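Q: Please take a close look at the salt bridges in this structure: which side chains pair, and where do the partners lie?

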Amino acid sequence: MAICFELVGNFGENVEGARAAALADPSPAPVQAGRHRIPVHRTVMNRTPSYIEVSVIPVAVGWGVSLDGTLPRFRLSAAELSEVGIGLYRLLERFNGYLVAKVGWDPESSVDPSELKSDWADELADGTIDGLVLKDALHDELRLGDNYVEFQPGYLWIPYRGEKPSTLTVE
């Protein structure tokens, strides 16, 4: 089973927005993380049963990621991994037309509005899903409070607080 640190965006049925994101130049890549310069893989666009998903995956950061092949993993501290996360959010700033996006370890469940409504309602309301970016209209539909701030025009978020030391980081 793969464990991926990545940026995932849900584009709903917006094929043009997803295609533009998938074709976007990921520059300024590679992402700086401490002494490491980490490139990103070509953006992957995937159709789930209910929406179009776009993923941006840094090279050799996760475990068992098929795109990495046999490349040795970068051994990153929480602070370095946070730098990678910040770099991925900078890339997200250049995307348009997504509904929900998040950076983190396997964040796919965080970008499905139906799962957010059913499984994450309390966390959405109290703003504990840091790094979650929502289109303004979705924020309004979910009736969320003013603890969300502007990420970029048309999008609100709970600011990314970075990664914490864990079994997935080197401290």
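A: At 46% relative accessibility, Arg-47 counts as partly exposed, a class that falls between buried (under 20% relative accessible area) and exposed (over 50%), computed with a 1.4 Å probe on protein chains only. This is a predicted model, in which local features need pLDDT of at least 70 and side-chain atom pairs count only at pLDDT 80 or more, while totals for chains, interfaces and linings use all residues. Residues are numbered from 1 along each chain as its sequence is written, and side-chain values use heavy atoms, with hydrogens and water left out.

The structure holds 3 salt bridges, each defined as a side-chain nitrogen of Lys or Arg within 4 Å of a carboxyl oxygen of Asp or Glu. In one of them Arg-47 meets Glu-13, with 2.9 Å from N to O. Arg-47 belongs to strand S4 (residues 44-47) and Glu-13 to the loop between strand S1 (5-10) and helix H1 (15-23), so this pair ties together parts that are 34 residues apart in sequence; helices (H or I, at least four residues) and strands (E, at least two) are DSSP runs, numbered from the N terminus. Glu-13 is exposed, at 52% relative accessible area.

Within helix H1, Arg-19 and Glu-16 lie 3 residues apart, about one turn of the helix, and their closest N and O atoms are 3.4 Å apart in a salt bridge. Arg-19 is partly exposed at 38%, whereas Glu-16 is exposed at 55%.

Lys-117 and Glu-141 also form a salt bridge, at 2.8 Å from N to O, and this pair links distant parts of the chain, helix H3 (residues 113-119) and helix H5 (residues 136-141), the two residues being 24 apart. Lys-117 is partly exposed, with a relative accessible area of 42%.
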